[in-house]
Amino acid sequence: MPQASQSPQSVSVPPIPPARGSGERSPGVKLVIAVLIAVALMVPLLMVYGLLWDRQQQAETAQASIGQGWGGQQTIGGPVIVIPYRTTETQTVQENGRDVTRTVNTIRNLYLSPQANKAEVAIKPEKRKKAIYETVVYESQIAGSADFVLPADIARYGVTREALMLDRAEVRLGVSDARGLVDGNSLAVNGTPVALQPGKGLASTGNSGTFAFVDWTGAAPLKVDYKIGVRGLGDFKLIPRGVDTRWTVKSSWPNPSFGGDFLPAKRSVTANGFTAAYAIPNLALGQAQVLTGDLSPPVATNYGTRDAYAVEAPAPAAADGSGGMETSGGTAKAIAISLIEPVDLYSQVDRSIKYGFLFIGFTFVAFLMFDIIAGARVAAAEYLLTGVALVLFFVLLLAFAEVIGFMPAYMLASAAIIGLLTFYSAAVLKSWKRARFLAAMLIGLYALLYTLLNLEAYALLIGSVLMFFALAGVMYMTRNIDWGGLGKKEEVAAAAAA
């Protein structure tokens with residue numbers, strides 16, 4: 001009997017997941033590679049910092065060369081009446097190995113500040129350019145009057161009236177850089193013009209300035225009218241001296257910065273310029289009207305991000321027969337007015353570089369998400385080239401800003417880098433849709449950075465909130481990623497169950 005043929009039994013075979021290439025990396029390894037490349041890109045970012053510093057130094061050198069023939073930062077002090085007086089001093093010297101005390105006669109200077117000092121100051125700004133570098137210079141005209149009175153109780157200051165050598169009295173005006181003095185300067189004592197002499201300034205202005213001899217008995221008040229024209233660069237400083245100092249400063253410059261030890265009692269700043277009124281009593285100065293030693297130069301104050309004024313060099317000894325300029329009267333105080341540019345492009349570029357890690361980080365995160373979630377493989381070299389392009393943005397920004405200004409340079413550099421990365425990412429991610437997403441993200445980042453640069457007070461707040469939401473989004477999108485495996489947790493679990 002013929003045997004019946006048996007049909008083969010069908011066997012159920014579980015589906016085999018698609019095989020990945022042997023070179024496929026886990027999401028964790030991809031993350032580590034992206035982080036390492038991002039950290040490595042901090043090196044060229046720091047090199048951009050060095051380039052910025054070098055260009056800033058070149059700009060300052062160019063500005064200094066402009067000021068060489070014009071006048072540097074100016075500090076104006078006085079007027080002050082300087083009266084020599086005779087005094088005796090006890091000196092101890094060694095002779096034959098023994099201390100010998102001697103009493104010697106010497107001549108020292110008495111510094112008399114005015115009872116009242118009023119002045120009108122007009123500052124005329126002007127922009128000067130050398131190559132691609134630009135700076136602001138000014139010419140100031142100071143017209144003032146000062147009233148002097150010799151105190152009846154001068155003996156209380158340790159100087160007798162009989163010791164005063166009033167026939168050698170001088171009126172001194174301090175000007176820190178006498179090269180900036182212009183024509184038309186004048187000084188009148190009780191209505192009588194007197195000739196100004198070079199040199200013999202005040203210690204608070206580096207012993208530089210001008211002076212005039214005066215005939216004064218000290219019995220009656222003395223009125224000094226003065227007009228001083230001086231050119232300068234950058235900061236303009238005034239040192240108040242006297243029982244009551246009142247200054248009014250006017251200029252057509254619309255972007256002043258007020259600093260120093262005293263701020264204006266009243267000020268008005270408009271697009272057409274500014275007016276600042278100062279009223280400073282000697283109680284606020286902490287200085288007596290009569291001093292037996294001159295004031296030392298003012299020191300820098302750090303009330304803000306910008307120093308009110310630079311530390312002056314120690315005053316050299318004066319060759320006036322008085323044994324050198326005495327600076328035992330204390331430290332001078334000053335007001336400072338800076339004619340600043342509306343936008344300091346180097347500080348703007350410096351602040352933008354500090355946000356460079358945000359651009360690198362957000363762009364790499366986008367590439368990483370496309371890689372481990374959407375399956376678009378991004379090689380390490382492609383991360384590196386993208387990062388180099390992001391760093392190149394800051395180089396372009398600096399180069400363009402020096403020529404066309406910060407805002408146009410920012411628009412041009414960001415447009416160039418966004419266009420470059422959009423076309424490159426379309427090839428890397430194999431999709432124009434993904435490239436457009438990356439372009440939209442970069443546009444948002446560059447727009448946000450420009451906003452942060454203009455909102456100094458809220459930059460940290462906005463930046464930290466943005467990073468929080470970015471981190472939250474990445475954590476949400478990668479919540480199911482098996483960082484140690486080759487795919488998502490569900491895929492691995494399904495393969496194991498089968």
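**View 1. Ala 440 sits in helix H8.** Welcome to this predicted model; we start with a single residue. Ala 440 has a relative accessible area of 47%. That value lies between 20% and 50%, so the residue counts as partly exposed. Look across to Ile 418 as well: the C-alpha atoms of Ala 440 and Ile 418 are 9.0 Å apart in space, while 22 residues separate the two in sequence.

**View 2. Helix H7 packs with helix H8.** Two packed helices are described by the angle between their axes and the distance between the axes. Helix H7 covers residues 406-428, and its axis lies 9 Å from that of H8, at an angle of about 160 degrees. Because angles over 145 degrees count as roughly antiparallel, H7 is roughly antiparallel to H8. The crossing of H7 and H8 is right-handed.

**View 3. The second largest pocket holds about 650 Å³ of space.** Its lining is made up of 28 residues, and those closest to the pocket centre are Gly 361, Phe 362, Val 365, Ala 470 and Val 474. Which elements give two or more residues to this lining? They are helices H1 (27-40), H5 (356-372), H8 (432-454) and H9 (459-477).

**View 4. Helix H5 gives the most to the lining of the second largest pocket.** Its share is ten residues. What kinds of residue make up the lining of the second largest pocket: nonpolar, polar or charged? The lining has 25 nonpolar residues and three polar ones, with no charged residues.

Key
Residues numbered from 1 in each chain as written. Predicted model: local features only at pLDDT ≥ 70, side-chain atom pairs only at ≥ 80, totals over all residues. Heavy atoms only, no water. 1 Å grid on protein atoms, 1.4 Å probe; cavity = no way out; pocket = protein on both sides within 12 Å on 5 of 7 lines; lining within 4 Å. Points joined across faces, edges and corners; volume = space filled by probe spheres on them. Helix = DSSP H or I, 4+ residues; strand = E, 2+ residues; numbered from the N terminus. Nonpolar A, V, L, I, M, F, W, Y, C, P; charged D, E, K, R; others polar. Buried < 20%, exposed > 50% of the residue type's maximum accessible area, 1.4 Å probe, protein only. Axes fitted to C-alpha atoms, helices over the stretch in contact; angles between N-to-C directions. Parallel < 35°, antiparallel > 145°, perpendicular 65-115°, else oblique. Left-handed = near helix turned anticlockwise from the far one by under 90°.
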